[in-house]
Amino acid sequence: GKKKYTDSAAGASYDLGLPQLDIPIVTRFPPEPSGYLHIGHAKAALLNDYFAHKNEGGILICRFDDTNPSKESIEFQDSITEDLKVMEIYPDKTTFSSDYFQQMYDYAIKMIMSGRAFADDSELGKGDEDRKNRRPSKCRDLGIEETLARFKDMQSGSHEGQRWCLRARIAYDSPNGAMRDPVIYRCNQLPHHRTGTAWKIYPTYDFCAPILDSIEGVTLALRTNEYRDRNAQYEWMQEALGLRRVPIWDFSRMNFVRTLLSKRKLAHIIVKGKVSGWDDPRMPTIRGILRRGMMVAPLRAFVLMQGPSRNILNLEWGALWAMNRKEIDQVAPRHTAIDETQSIACEVRGVNGPIKSKKPKHGKVPELGEKTVLYGGNIIIEQTDGHSFEINEEITLMNWGNALVREITCNPGGGIVTNLVLELYLQGDVKKTKKKVTWLAASPENLVPIELVRFDYLITKDKLEKSDKLEDFLTERTEFRHRALADCNVSQLTFGSIIQFERKGFYRLDCLNRMDSRLTFFEIPSGRS
Ligand code: ATP
Ligand code: MG
Ligand code: MG
């Protein structure tokens, strides 16, 4: 089935310590459509999926938390829907916070009428200062009538209204900052991508989440534990409105070394032109990682493996790429590429004209089929190999057989081999040679011009601190392109194929570079450092 990998991976090794695991559970994944999904979101989505679908009858809700028109768009919303599908996460229901705007409004009125909310015009100015110093806002005692009037002003989008926000009256002096009269409604004049100009006020996440979790029937609210301080506030909202209480389960945020996992910061580096977009292979987005050559199964397994831990992690990418490598090694056909600027022309004696033959694409996986190998009296090999040869040394031409090195010609400086003469010695034992050399027949119909692209991390520091300025830690150069020549079979690959270039590593065919008609291959990190 479609989820085999996860279910076996998860079921086998997870003890998440929850008492009610054997009853159907309703969970929700609440992405804000303000960017593309990144690997941190994948953790939240997969954990919600895991709990909802572990038991018969459970439900996963994907709830678009679309309450801030300044940041959100239909493009982001659609990308999230698609990326969940790519991740093999299938919500049973998709909902939108924006479908509840009228209900949320009614709840806000209820809060005001019961004396649990007040309008505030200091929040936009020095409100934060008051909150930090545990002082009451000067508006804290604003009465019900006055608050209602200001809330209506806010709703109308009038000049006066735009100066105000609505806050829950919880406590101004609580040791828990999240309890200090949080904002529950804000003005925003921008049109919303789903509700257009119907609303000029929007509920905050702090107000939305507890209400919608309750009325949508969520029975387990998963939250990252950086929100733990907000749990009391979440409970307060449900209590204040007489709503069904929803249990919360905290899990840890997932972070990676030298990686930004914030949509706002990722959007920033796109704008700065540091990457080409949300699906750039250097991005920690689902799209970026897959474009770099990650497979879905190891990605899911790796992320779920982190599930039970509640420590805030700063993970290494290597472990994830190593898991991926094991997987792709079984399915990646093997090809040959020779570095173009480092190639040496070799004459091979003892070959009767150019010969074509069929060889398996992967020695250990015959199901992958066969490829054409061209043999001929003129081949190219790489400088690093040729440079190490000694006269009369017996070497192995991979997938062909042994040869003896008969002549080595160097440039006047002696540093570069300009020409080689080999003599086939097919009776030699390929198991006994030290050097196994990649080579390609030099005839033009055999050589496909390609480029190999390697990427580096976008930032230079393992973990950025709050005080660090992003600009100071951006890696200067993160893309390295090399020209190479590949065997003729490569021209038949479809875009997105994952292959191995023998003795180089794994690559994913991304596109055709139209500037010079070269097939562009991205190097897939091996996971070895
Ligand atoms: P970002 O800072 O990247 O914008 P966010 O939390 O603001 O993240 P949301 O769209 O609100 O983005 O997140 C949807 C869900 O994903 C939330 O439940 C959130 O807690 C979770 N999530 C976001 N980042 C991570 C992370 N790094 N690790 C685990 N879960 C995360
Ligand atoms: Mg958020
Ligand atoms: Mg965030």
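How many nonpolar, polar and charged residues does the shell around ligand 1 have? In this predicted model, the shell has 5 nonpolar, 4 polar and 5 charged residues.

## Surroundings of ligand 1

Ligand 1 is surrounded by 14 residues. The closest are Pro31, Glu32, Gly40, Ala44 and Lys263. Helix α2, which runs over residues 39–54, supplies the largest share of this shell, with 4 residues.

## A sheet of 7 strands

The strands β12-β25-β26-β27-β23-β24-β13, in that order, form an open sheet with mixed pairing. At its edges stand β12 (334–335) and β13 (337–339). Each has a single partner strand, so one side of each is left without a neighbour in the sheet.

Strands of a sheet pair through backbone hydrogen bonds, in a parallel or an antiparallel sense. Strands β23 (residues 448–455) and β24 (residues 479–486) are paired in the antiparallel sense, over 8 bridges. Arg454 has Phe480 of β24 as its bridge partner.

## Helix α12

Helix α12 covers residues 317–329.

Which residues of α12 are buried? They are Leu320, Trp321, Asn324 and Arg325. These residues cover an arc of only 145° around the axis, and therefore lie on the same side of α12. The buried residues of α12 pack against helix α11 (296–305) and against β26 (505–513), and β26 is also one of the strands in the open sheet of 7.

Definitions and conventions:
Residues are numbered from 1 along each chain as its sequence is written. Chains are lettered from A and ligands numbered from 1 in the order in which they are written. This is a predicted model: local features need pLDDT of at least 70, side-chain atom pairs count only at pLDDT 80 or more; totals for chains, interfaces and linings use all residues. A residue is near a molecule or strand if its C-beta atom, placed from the backbone, lies within 6 Å of it. Helices (H or I, at least four residues) and strands (E, at least two) are DSSP runs, numbered from the N terminus. Ala, Val, Leu, Ile, Met, Phe, Trp, Tyr, Cys and Pro count as nonpolar, Asp, Glu, Lys and Arg as charged, and the others, Gly among them, as polar. Two strands pair if DSSP finds at least two bridges between them. The expected span of a helix is 1.5 Å times one less than its number of residues. A residue is buried if 20 or more other C-beta atoms lie within 10 Å of its own, exposed if 12 or fewer, and partly exposed in between; C-beta atoms are placed from the backbone. The arc is that of the directions from the helix axis to the C-beta atoms. Two residues are in contact if their C-beta atoms, placed from the backbone, lie within 7 Å.
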